[in-house]
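The sequence and the structure are shown below, and the text then moves from a single chain to the contacts between chains.

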6 protein chains.
Amino acid sequence: MPSPKFKPAPEVLSGDTADIYFVRTIDILRGVNLNPVATMEVFGSRAGILCGIEEVKALLAEVLPEDNREVWALDEGETMEAKEVVLRITAPYQSYGVYETAMAGILAHCSGWATAARECVAVAGKIPLISFGARHVHPSVAGVMDYAAVVGGCTGCSSIAGGRLAGVEASGTMPHALIIIVGDTVKATMLFDKYMPPDVPRVSLVDTFKDEAEESLRVAEALGKRLQSVRLDTPSERGGVTVEMVGEVRARLDLAGFKHVGIFVSGSVTPERITHFIERGAPVDGFGVGSYISGAKPIDFTADLHEIEGKPIAKRGRIPGITPNPRLKRVM
Amino acid sequence: MPSPKFKPAPEVLSGDTADIYFVRTIDILRGVNLNPVATMEVFGSRAGILCGIEEVKALLAEVLPEDNREVWALDEGETMEAKEVVLRITAPYQSYGVYETAMAGILAHCSGWATAARECVAVAGKIPLISFGARHVHPSVAGVMDYAAVVGGCTGCSSIAGGRLAGVEASGTMPHALIIIVGDTVKATMLFDKYMPPDVPRVSLVDTFKDEAEESLRVAEALGKRLQSVRLDTPSERGGVTVEMVGEVRARLDLAGFKHVGIFVSGSVTPERITHFIERGAPVDGFGVGSYISGAKPIDFTADLHEIEGKPIAKRGRIPGITPNPRLKRVM
Amino acid sequence: MPSPKFKPAPEVLSGDTADIYFVRTIDILRGVNLNPVATMEVFGSRAGILCGIEEVKALLAEVLPEDNREVWALDEGETMEAKEVVLRITAPYQSYGVYETAMAGILAHCSGWATAARECVAVAGKIPLISFGARHVHPSVAGVMDYAAVVGGCTGCSSIAGGRLAGVEASGTMPHALIIIVGDTVKATMLFDKYMPPDVPRVSLVDTFKDEAEESLRVAEALGKRLQSVRLDTPSERGGVTVEMVGEVRARLDLAGFKHVGIFVSGSVTPERITHFIERGAPVDGFGVGSYISGAKPIDFTADLHEIEGKPIAKRGRIPGITPNPRLKRVM
Amino acid sequence: MPSPKFKPAPEVLSGDTADIYFVRTIDILRGVNLNPVATMEVFGSRAGILCGIEEVKALLAEVLPEDNREVWALDEGETMEAKEVVLRITAPYQSYGVYETAMAGILAHCSGWATAARECVAVAGKIPLISFGARHVHPSVAGVMDYAAVVGGCTGCSSIAGGRLAGVEASGTMPHALIIIVGDTVKATMLFDKYMPPDVPRVSLVDTFKDEAEESLRVAEALGKRLQSVRLDTPSERGGVTVEMVGEVRARLDLAGFKHVGIFVSGSVTPERITHFIERGAPVDGFGVGSYISGAKPIDFTADLHEIEGKPIAKRGRIPGITPNPRLKRVM
Amino acid sequence: MPSPKFKPAPEVLSGDTADIYFVRTIDILRGVNLNPVATMEVFGSRAGILCGIEEVKALLAEVLPEDNREVWALDEGETMEAKEVVLRITAPYQSYGVYETAMAGILAHCSGWATAARECVAVAGKIPLISFGARHVHPSVAGVMDYAAVVGGCTGCSSIAGGRLAGVEASGTMPHALIIIVGDTVKATMLFDKYMPPDVPRVSLVDTFKDEAEESLRVAEALGKRLQSVRLDTPSERGGVTVEMVGEVRARLDLAGFKHVGIFVSGSVTPERITHFIERGAPVDGFGVGSYISGAKPIDFTADLHEIEGKPIAKRGRIPGITPNPRLKRVM
Amino acid sequence: MPSPKFKPAPEVLSGDTADIYFVRTIDILRGVNLNPVATMEVFGSRAGILCGIEEVKALLAEVLPEDNREVWALDEGETMEAKEVVLRITAPYQSYGVYETAMAGILAHCSGWATAARECVAVAGKIPLISFGARHVHPSVAGVMDYAAVVGGCTGCSSIAGGRLAGVEASGTMPHALIIIVGDTVKATMLFDKYMPPDVPRVSLVDTFKDEAEESLRVAEALGKRLQSVRLDTPSERGGVTVEMVGEVRARLDLAGFKHVGIFVSGSVTPERITHFIERGAPVDGFGVGSYISGAKPIDFTADLHEIEGKPIAKRGRIPGITPNPRLKRVM
């Protein structure tokens, strides 16, 4: 994927989103005129996929003095070990100290999302996954969440903002709302077919009013070759999507001559569920993953000072001096 | 707390953060000229504290036609049951259908944070809690996360943006960075005392270089009556903060005549940890809560259409027609 | 319920179903001309509902000498404690020794079934239960199994033989086979209505071809007031019957004016499932219980000699002499 | 083993043991004159040993029209997978529909018993097992239960009826009753020796009055070379039979010169107990298995229609049309 | 019980049993001529019964200067809380510092034994317990172990040394060795009866050669009224002593007219086993407790200095100064 | 290690520490003039390291008649299986019967300690272990406990008595008491250095007043090359010693040029903790093990007679006659 263009938000640059004690620290250091070159190292609390480092670099590029800075980091999307240093900054402390909150937060949230996506991808093998969780996060991070999901390995995402950041076409099928307003799944599918540009795949949602197997046959008969796939999203009140349902819908579609129609599964999809479907041989052609990715716990990141003016130092519990990590690349 | 002024972001209003299939649905409905008055009901998947409804109402106020709308909702900060309807909108569908993603996402994230905060508050009783988790979320939501923590019952928060939204003064002590740069805890505390306005409480962080009990006595002797409290944040590499440590620091401060100095505890604080400290009688005067709140799993919200032009309808698994909920108040 | 007429089968009377060593024991005792009056006590290995004692008494009535016998027992359907003596026989040993196998087996199997039925009834309260498990036991015991289920508290059963033994009308709805042969649920229900005598309740099975809620409305519209209830028997491949499905079918029937139509639930019904439905308020009007009753583990019974010619005796591990039990009644 | 001669019971042929709704279905189909050729497939809910198919075939041979039937099945005693089709019937539905209850019940009960027997045999290796559970089932199925145990791999059984069905000699030792009536184990054993034909093995039960090791030596001294083995059946009140007891009895018999006397163990024998004895090297020469086999849970069987007049059909949750299974053999 | 006369062993007084670093510490303090009055406090790591304090006091009485000492303590046999101060010594440090090892060790071992004894006594109620564990500890502590068991509540013990310390008559029945040498339980019991003084209770061990119930009757018949009780000590190879065995031996003794003969149970006796016997109503007249008491884990004791020359001090993790405990009594 | 000189204590020889029934048994046997040559076999209840056999042999050498004795045994420190015979005595029973209690007790306690020590050694590999548990056992067994720890593989022990028995120099560092009395860790360490002979290693205890890392640097600077190591013994109130603390102290010592200073860890050391430290790569140079060894549960030993005057015999549950064990060596 092409590298996205991240641009630091004004309220981040102003320190507005920072912990207030960093703002105060800068005030005090200015008061005593203390601005040593300090080396900060950043590491995550558990292993995973590093994400957010591009956005952090975009921030540092704006704030660090060009003639007195050295930044080393891992790449976006690389795996990282628990407590492995993924970012090391050496620069005058006053230039970047206030951004510790923002940098740790970007890495925490993005790496959490990307790592959860990777867990799904790891078990799904060649079956494509679409990030469907925009509805479960605040819209201010919907885009960056979907971006992180793609960094983790998803082939697409549902939000327009996420698609743009990740450099992919946002994708989706049709919502229950359309079918309910139109009043019938077949009618709604035919309207979709009529009004959407030809490059939008025709995927019909088949669990709104009737049994999924029955509805699948009805929409397949209505659209014929133009139907790309059906989406099963059976609610928990009806037992959710089961392995056997997928197999039966496949068999009934095949018996009726619709072998070209794929089956897309959504609803409470997790690595365990994906594994369950695959191990039992359910013929799934794609999964939509929602809150497993979007609701993933952030990976806490910690930033520690390890050198002041070239002298090793550290708080209790940490080793003074630079922590060796040959995987780091100099990025600035 | 005073009601904050939320203002919908341009990328939300433009539909940019929405799932693409809602944008397409509106396109199709416009194509067939279908814009029925539709009633949508929104509920969360588990019980908790409702938060985000003020932001959602600010969004609806901008988009719904003033002469054809009816909105019912619970209040910000109210408790809600699992699957209880917390928001009901009746208006022409084209005016609001595209915002389903944003509305569900706002409620999901904010209610998740507020609910986690309430869990901590419920066990902490009268001991005040400060939200310290800004560093664990993307800066785009750091403010709204801290706001939700205060809605859930925290008495303060660390981010400036959060403090402003929540109508409280952002609070903090001092970071390890200040002490490491200055080189000594006592010196750093004295600089803090010298440069900070008098209304900022003097709270010294006492685990950076020396044993906490020893350091507590040193800073107390240095600042005397001006020292408000010490903060214990012992890293896990040193066994974390223990019940016994709090008791001993208290005893040693008292023996030395510093009964006025409070003890503030941070680091991996959870409801279980708070309970553990309280049940064993540890004399804690305040807790800083980080990722338990900021990393709380969002509460998934679902939006369902239940009436079209006044006629009851619903997808399989749901009951057609208005779901009675006498707790809802008409808000628009 | 009226006491059934049990008649010992010829192969039981002939000793053919006995353990061969009892037949040999009688041969040896005859050889040495030893036929003492012996007292045998029978007890079950765990607590439960005693069942089968009527059939045992019918057997003893045929084989014990009328002038030299004394039999004490608990009643059919009484609760019994683990290891409580439920039957005591005093008579010449040669007259009944060979029937130890049959008597223990009757009590074991019947008490196992009745006890399982009672466990269901205990949690179902006033909701009637029908024994549906005939298909899961050998036809030679299908009737006696259903009889035991009624002894345990079921209000009815599905097998004709069981209904006759238990003195109730066998009951049932319609099988999937009828609907599949006819090709449509509504058509099958209308044929049932046409050909069955008026006293047979019209209960339609609504999960064969379409979604249960949809099919329920279709059959209700076809039969109107004559429809007594619908039966939900959703297969596990479709997630089984859920609490929410029952509630939704109820709501949709009510909305359409069919409040008189009951809802009957079958498929994997156990005490846990019954409790689950009741605790969550599902409006169930009856349950069909299958293999929980029919596949219940028999309660092992043990028969021990405690007196020979009036002299206390017992094998190791047992107390010699009559075991007092004031609950026993003399029955012969 | 030779194939047994099963004969359908009159109450099965009359439909008396059937679920009443099958009888009603035939009535309705006759009413509308509907008797299509239907294909029914039968499968079990879990893996195991198929048993009862011979009895089912005997039933079908009596009821299906010779000129319009096709029956495929697995063999008696074959292993079957969960949900594997083990029987497929194609014939006019009215000729066999009413026997669905009986066929499923025969397979359920017999396969449950045979499967449990196989589990014991699988861990016992070359040590012979005798089915001792007739006393724990209703006498109407005592014979067929013992037959199923032999199908599952037991080398013998205790009931006369079971022995006849399975084509083996029923076997047994002596009951506690004989010893208690005679008053002494040695005396009882000598009477057994005197009165039984020479081909009946002399096996003495040695736990009735004295310690097993002591009694074993006493009976061995009394019968000498004619004693085939001793049976240990220690009650749980005395701690049951232990591995060490078997070893000690073996050692004491050997020390006294009775190496030819075998040791047979009974009482609460399960696969776990058999494994326990074998892994610890207990010199057991045979086990008697009771309620582990006789009380085995039946394996539920399901019968589904998959074709009507050659046209694929199926209820929801099943795949329409013939289910391929190359292991099936045509049997009719 | 009367207070025993403990006398410090020479190797304790010489410092030979001490940790060498205490000996060195005294050497150093003498070198620098430092002998401050120091206050040491001693507490156990878990709750229990304090035992050994008499022996510790005997040691302190020998070594502390009479004119410069103050000792506070709980009483022998009192309950103590976890971490409760049970002993406080104020005296010149050189006089007692080297005995920290011995004092802690005496309290640790003795309190561990007494606490385990108390756990047994607490559940045994009025049934007397005899300490039988001398064979499971080194003979150098056999006596003091039995003494601690009596402090904990046992009514007697088996070792002569223990009986003398505890001021009770050592008690016992007869060992298996006597019976094996004599060759028969009845003969051995009669010899015991012949040679023992009349005040030694006649208790026969009845599990050596024959079944316990049979042997009990044999010895009762041999000794008649002179038999006080039988002891059941069935080895695990025979299933151990069971509740049912005790009940049966009782019943058979009663039936034969030996109601005066008690039943004493030994072998793997623990609080759980005692509770098991009592809850199920086994008529036990006494228990012999072995390794549950003798193998009890010592309760670790810690000794901390809290004042030096009247000035509060403590190491990290402890509170400086005297720890208030109103339960302490001044003992020196 | 050289074989220690054990000498039976007078109270053991007098029978004073014996179970009283053995004393009585000898009285009876003398009364009837019965003194057969008897073979006794002794085995432990679980696998482990045999210890105490040297002390037992010293006892037997004093009491068995030289012209009529045969003793076979395993060696001190050998591994033994559960129930393996480790000692076999053939001699006139009256000469040794009374010592069954003492012999079993010596083996029980010593083998328990040695086995626990071996468990620690097995996971510690080349890292030396010192037995530190004298303070947790009665001083009468402090020496023999430390001796058993060395038999189990410890390289040293803390008690003087134990060192002498085991033939090693007792070792130790310095107690908290010395530091508290002197008032400062550095001062105490310098006094130690001044007054101790040069061959005593300088090991400073660094957790008394200050943070361990800070204190380690202070004492290293004070003693320079003469400092052999530091001991970390952090109390649980400060989180105990952690893997990370060891690593950090190592790193800070190295950074400051003190690579020669070792790190010794004590406090709650168990095999699990040792493994934990080793698996995570903590650079530990030695462990002090306390109550894991000293509080180890004794291994119960049983003594059985197997031959009387050459004739095989045994109580119920045991096999009569000599139990073959080719590992035994004749020792007397």
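## Fold of chain A

Among the contacts in chain A that join residues at least 6 apart in sequence, 73% link residues at least 24 apart. The model is predicted. The predictor assigns the complex an ipTM of 0.97 and a pTM of 0.92. For chain A the average pLDDT is 97, and 99% of the residues reach a score of at least 70.

The secondary structure of chain A consists of 13 helices and 14 strands. Its C-alpha trace spans about 80 × 40 × 35 Å along the principal axes. Chain A has 332 residues, of which 66% count as buried.

## Chains E and F

Arg135(E), Ile181(E) and Arg316(E) supply 12% of the area that chain E buries against chain F, more than any other three residues.

The interface of chain E and chain F holds 12 salt bridges. In one salt bridge, the side chain of Arg135(E) meets that of Glu100(F), with an N to O distance of 3.3 Å. There are also 44 residue pairs in polar contact across the interface of chain E and chain F, both residues having pLDDT 80 or more.

## Chains D and A

The area buried between chain D and chain A is about 550 Å², and 54% of it lies on carbon and sulfur atoms. Of the area that chain D buries against chain A, 65% is supplied by Arg316(D), Ile319(D) and Pro320(D), more than by any other three residues.

One salt bridge is counted between chain D and chain A. Arg316(D) forms a salt bridge with Asp211(A), and the closest N and O atoms are 2.7 Å apart. Five residue pairs, both at pLDDT 80 or more, are in polar contact between chain D and chain A.

The table sets out values for the two interfaces.

| Interface | Buried area | Share on carbon and sulfur atoms |
|---|---|---|
| Chain D and chain A | about 550 Å² | 54% |

## A buried glutamate in chain C

Glu214(C) belongs to helix α10 of chain C, which covers residues 212-223. Is Glu214(C) buried or exposed? Glu214(C) is buried, because its relative accessible area of 17% is under the 20% cut-off. Apart from neighbours within four places in sequence, Glu214(C) is in contact with Phe209(A), Lys210(A) and Glu214(A). The C-alpha atom of Glu214(C) is separated by 9.8 Å from that of Leu253(C), 39 residues apart along the chain.

## Two loop residues of chain D

Two residues of chain D call for a note on backbone geometry. Lys83(D) is not a glycine, yet its phi is positive, near 65°. Lys83(D) lies in the loop between β4 (79-80) and β5 (85-92) of chain D. With a relative accessibility of 43%, Lys83(D) counts as partly exposed.

Glu309(D), also not a glycine, has a positive phi of about 50°. In chain D, the loop between β12 (301-308) and β13 (311-312) contains Glu309(D). Glu309(D) counts as exposed, because its relative accessibility of 53% is over the 50% cut-off.

Notes: Residues numbered from 1 in each chain as written. Chains lettered and ligands numbered in written order. Heavy atoms only, no water. pLDDT = per-residue confidence, 0-100. Helix = DSSP H or I, 4+ residues; strand = E, 2+ residues; numbered from the N terminus. Buried < 20%, exposed > 50% of the residue type's maximum accessible area, 1.4 Å probe, protein only. Contact = heavy atoms within 4.5 Å. Buried area = accessible area lost by both parts, 1.4 Å probe. Salt bridge = Lys/Arg side-chain N within 4 Å of Asp/Glu carboxyl O. Polar contact = N/O pair within 3.5 Å; in protein donor to acceptor, adjacent residues only side chain to side chain.
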